[in-house]
Amino acid sequence: MNAQPVDPCQPIPPVDQPARLAALEAAVRARTGLRPAVGIVLGSGLGGLADELVGPVSIPFSELPGWPAATAPGHAGRLILGRLEGVPVALLQGRLHLYEGHDPGLVVQPVLLMGRLGASLIVLSNAAGGLNPAFGPGTLMVIEDHINLTGRTPLLGPNADELGPRFPDLTNAWSPRLRDRLRAAARAEGVELASGVYVGLLGPAYETPAEVRMLRGLGGDAVGMSTVLEAIAARWAGLEICGVSLVTNAGAGDSGTPLSHEEVLAAGAEAGPRFVRLIRRFIADLAPGD
Ligand code: HPA
């Protein structure tokens, strides 16, 4: 599989995941024996947490079988294993997006790989536009639930019953226990943390103002171009998940100025240190065996 050229559009149905994950696991194991307890996916502008890892082993996406180099600006494209607050973790600095043309089965492989390497708990983070008018730029929001409007699923095609069920339940997909832990960590650090529903769209164009109004009406609090497929795949594979959105901008049309990726990255730079404190505390306060 290592020598196989990457075709990011090639469909990867669930039934193909076990063999692909085995190859990915072998490639990681050739670099490190560290068994992560927690997997963390870092969103646009939030990659700074990677600098906090002790004893990091960094693997560029392009050196993992079947993975392309990440292309979105602000996404470095590395899997990094190391320790955070003494806890072994796997960090994804940068992720694979649908809007890059990647198949849904590829988009979710990093999270499935983290599970395969030993993580039972996944933290998903992202940059998002604000739909809730109370959530201004810089708001950190714990994800209570999501709405998948990408029109895609990583579970299309023959299932791999050894990995997960055909019809996974998504009630309480975003672990109430971990949401409480995130809120407790925020209180302990004096970091404000809102809560809400994340809406995932395909992108890469930002929404129109009419779409922003519609998404608000559907019950969304923040909108972005990632996370929802990773959440579905992780739950399918039995992993416990939680997530944090950084609202980097008001929803399109709400601020009167055009949206830009630079604005998203600048908000990430501003909120990065708060995000790092929140996640560090969350990890430090995980009970042994969590
Ligand atoms: N919309 C979608 N994705 C985003 C946004 C937005 O306004 N901001 C950051 N990611």
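Reader: Between which two elements does the loop that holds P204 lie?

Author: This is a predicted model, in which local features need pLDDT of at least 70 and side-chain atom pairs count only at pLDDT 80 or more, while totals for chains, interfaces and linings use all residues. Residues are numbered from 1 along each chain as its sequence is written, and side-chain values use heavy atoms, with hydrogens and water left out. Helices (H or I, at least four residues) and strands (E, at least two) are DSSP runs numbered from the N terminus. In these terms, the loop of P204 lies between β7 (194–200) and α5 (209–217).

Reader: What is the omega of the cis peptide bond that joins G203 and P204?

Author: Most peptide bonds are trans. The bond joining G203 and P204 is cis, with an omega of about -5°.

Reader: Where does N172 lie, and what is its phi?

Author: N172 is found in the loop between β6 (140–148) and α4 (176–189). Most residues other than glycine have a negative phi. N172 is a residue other than glycine with a positive phi, near 55°.

Reader: How much of the accessible area of the ligand does the protein cover?

Author: Nitrogen atoms of the ligand have N or O partners within 3.5 Å: a polar backbone atom of A127 at 3.4 Å and a polar side-chain atom of E207 at 2.8 Å. A polar side-chain atom of N249 lies 2.7 Å from a nitrogen atom of the ligand. Of the 260 Å² of accessible area (Shrake-Rupley method, 1.4 Å probe) that the ligand has on its own, the protein covers 95%.

Reader: How many residues apart are E25 and R116 in the chain?

Author: A salt bridge (a side-chain nitrogen of Lys or Arg within 4 Å of a carboxyl oxygen of Asp or Glu) occurs 14 times in the structure. E25 forms one with R116, and their closest N and O atoms are 2.8 Å apart. This pair links distant parts of the chain, since E25 belongs to helix α1 (residues 17–29) and R116 to helix α3 (residues 109–117), and the separation in residues is 91.

How values were computed:
Polar contact = N/O pair within 3.5 Å; in protein donor to acceptor, adjacent residues only side chain to side chain.
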